[in-house]
Amino acid sequence: MSNILETINSPADVKKLTIPELTLLAEEIRARLIVGVSKTGGHIGPNLGVVELTLAMHYVFDTPTDSFVFDVSHQAYVHKLLTGREKLFHTIRQPGGLNGFMLRTESEHDSYGAGHAGTALSAALGMAVARDMSGGKEHIVALAGDAAFTNGISFEALNNIAAQTKRLIVVLNDNAWSIDKNVGAIAEYFHKIVTNPTVSSLHDKAADLLERFGGKTARHVVRKAEEAAKGLIGPGMLFEEFGLSYFGPLDGHNLPLLIETFKYLKQQNRPVVLHAITQKGRGFQPAIEKQKKFHGLGPYDAQTGETKAAGQKTYSEIFAESLTKLATANDKVVAITAAMPNGTALDLFRPHHPKRYFDVGIAEEHAVIFAAGMATKGYKPFCAIYSTFLQRAFDQIVHDVCLQNLPVVFCMDRGGLSGDDGPTHHGLFDISYLRSVPNLIHMVPKDEDELADMMYTAMLHEGPSAIRYPRGTGPGVAVKEQPVALEIGKAEVIRDGAEVAIFGLGAMLPEAQRLAELLRGEGFSAAVINPRFAKPVDRECVADFGGRCGLVVTLEDHVLAGGFGSAVMEALNDLELQVPVVRVGWPDAFIEHGKVESLREKYGLTAEAALEKARPYLAKMMDHVLAKHS
């Protein structure tokens, strides 16, 4: 096999290649992706689908002068390979290595970084308007997946593009998938365009002529084909109504056609949309056959696509199984996801209760208000949305759910560090952004069984509630057949103690127990408390231990600012108790990607680090004891 990829140190090297060489490079890139990601894990399916698109963009445009915005930027692996990062590609998503998304601090070619869908059009428009105001001539290209158009922000941007700039290129990468199959009217609309037989015929002819003639003739053919296609589909086409000229659909894997089309679009003095049809997972049969699985996954066998055999159930799976049982017993229970049935494991719920399962697309704001509407009619909606993605629906949580005190349950998967996905996906802020909202209760389970109990408690609760739980597996505690309702705001004392009180929230409870053992080894009696509730905090428990212990320690998989430790300090202050508090959690910073255990050690979220933070107070306590006995 050729080794063209090894000669690519920047996009300038791509421009030196012939079309046959570019075709060989595309094959090399696919092979590099398949083998490389098999070792690191990552978003293999989306990147296999954009190889030719990314090559054509770099062949025609000039980054970093021109700007590429990817939506979502987990489909930027090919871009990274072409912009001087090929030799570092084996480090992607690894500690200290390349980020799995676009990252402005990583390369001058990464003009905009984002891990949430629906951002590209607004960001690209902002860049285009800034360019226009500065008198610049560079090009702005937004490559957005079709699933991004199920997000309301994309349409807010579309509403403004034609009114605010004359030069912007939007590439619609249409593979009919987000993580699961795309849903709703937008997906149906794109499907109708793609399956129009006359349009397909026109583009087949355009491709044939392009291969024969190329250059100006090809651009003329492309333009005529687009004009004819638009006339056939109708003058009321969606993008045309928004003021963008529509071109497509084109074969997103036909390099010559893409290159000539981009050259033509580059000359336009009007905002345009290029509709490219791609195949997610192209070139790797396992990724084509199992598109959900190969959207993003851990290491796999590069030959067969096999991953490690499933072992212990994840928190997501426990959530889905528990919700299925609740829905079986209560016909008012419904499940809502925002394009994440696989990630939240609601694909396990769907077969059992298909009429009470709703995937609303990448539209978290809509999901929350939709749930609020159902709740007004007596239903009990469970909204399964990652902690990091629920951030964009904060207004709806406050205004539509909590203000009306509606019984919507927010099940926040990935509550805490999300490891290899990095700062865009870490769920480290939800206690802070929800704790201040009236009427809401916020629960954090210590294990799988307690998660089931909390879901049952939330179903019975007459107001809004939230449950955060980590990515991956828990301690492996068996879930009992019948869950029990927890007393709202009541903590669980795991072990009593007289000198130090340790509150270990959720996944940090094992560290709290280890800290108690370390303290016992140094002669201190330590209590361990499972708080269960980040809101309301158990004030009776805080008053008890705060009144008789010389030190309180809180541990949480959350930022310290406004988190659970802050809630405990506020409660102690209200109770006029002067006991010192050592808070252990994430600092006021965006945490990089990496392995959870190593990041916890680096940032001091361990029993050993907690002990070191507590030492000054322990020394004072020991001095006080010695003084009493002297």
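Guide: Let's start with pairing: two strands pair if DSSP finds at least two bridges between them. With that in hand, and keeping in mind that this is a predicted model, look at the open sheet of 5 strands in the order 1-2-3-5-4, where the pairing is parallel.

Visitor: What makes strand 1 and strand 4 (245-251) the edges?

Guide: Each has a single partner strand, so one side of each is left without a neighbour in the sheet. Neighbouring strands here are turned by 20 degrees against each other on average, direction ignored.

Visitor: How do you know that strand 4 and strand 5 (residues 272-277) are joined?

Guide: The cut-off is at least two bridges, and 5 bridges join strand 4 to strand 5, so they count as paired. The two run parallel. For one example, Tyr246 has Val273 in strand 5 as its bridge partner.

Visitor: What about the other open sheet, with the order 12-14-13-16-17?

Guide: That one also has 5 strands, but its pairing is mixed. Strand 12 (492-495) and strand 17 (581-586) are its edge strands, as each pairs on one side only. From one strand to the next, the twist averages 25 degrees.

Visitor: How do you know that strand 13 (residues 500-504) and strand 16 (residues 551-559) pair?

Guide: Same test: at least two bridges are needed, and these strands share 5, in the parallel sense. Phe503, for instance, has Thr554 in strand 16 as its bridge partner.

Visitor: On to the rings. Why are Phe61 and Phe68 called edge-to-face?

Guide: A search of the whole structure turns up 16 aromatic pairs. For Phe61 and Phe68, the ring centres are 6.2 Å apart and the planes stand at 90 degrees. Centres must lie within 6.5 Å to pair, and planes over 60 degrees apart count as edge-to-face, so this pair qualifies on both counts.

Visitor: And why are Phe61 and Phe68 called buried?

Guide: Buried means under 20% relative accessible area. Phe61 has 0%, so it is buried, and Phe68 at 1% counts as buried too.

Visitor: What makes Tyr77 and Phe89 an edge-to-face pair?

Guide: Their ring centres are 5.9 Å apart and their planes are at 70 degrees, so edge-to-face is the label. The pair links distant parts of the chain, with Tyr77 in helix 5 (residues 77-82) and Phe89 in the loop between helix 5 and helix 6 (120-134), 12 residues apart. Both Tyr77 and Phe89 are buried.

Visitor: Which residues form an aromatic cluster?

Guide: Phe61, Phe68 and Phe262 form one.

Visitor: How do you know that the charged end of Lys332 sits over the ring of Tyr379?

Guide: The distance part of the test asks for NZ of Lys within 6 Å of the ring centre. The charged end of Lys332 is 4.4 Å from the centre of the Tyr379 ring, and it does sit over that ring.

Visitor: What makes the approach of Asn151 to Ile362 a polar contact?

Guide: A polar atom of the Asn151 side chain lies 3.0 Å from the backbone oxygen of Ile362, and the distance limit is 3.5 Å.

Visitor: Why is Ala339 called buried, and why is Asn405 called partly exposed?

Guide: Ala339 has a relative accessible area of 5%, under the 20% limit, so it is buried. Asn405, at 35%, falls between 20% and 50%, so it counts as partly exposed. Ala339 is in the loop between strand 6 (333-337) and strand 7 (357-359), and Asn405 is in the loop between helix 17 (394-402) and strand 9 (409-412).

Note on methods
Residues are numbered from 1 along each chain as its sequence is written. This is a predicted model: local features need pLDDT of at least 70, side-chain atom pairs count only at pLDDT 80 or more; totals for chains, interfaces and linings use all residues. Side-chain values use heavy atoms; hydrogens and water are left out. A polar contact is a pair of N or O atoms within 3.5 Å; within protein, one must be able to donate a hydrogen and the other to accept it, and residues adjacent in sequence count only if both atoms are side-chain atoms. Helices (H or I, at least four residues) and strands (E, at least two) are DSSP runs, numbered from the N terminus. Axes are lines fitted to C-alpha atoms, for helices over the stretch in contact, and angles run from 0 to 180 degrees between N-to-C directions. Rings of Phe, Tyr and Trp (its six-membered ring) pair if their centres lie within 6.5 Å; planes under 30 degrees apart count as stacked, over 60 as edge-to-face and the rest as tilted. Buried means under 20% relative accessible area, exposed over 50%, partly exposed in between (1.4 Å probe, protein chains only). A charge sits over a ring if NZ of Lys or CZ of Arg is within 6 Å of the ring centre and within 35 degrees of the ring normal.
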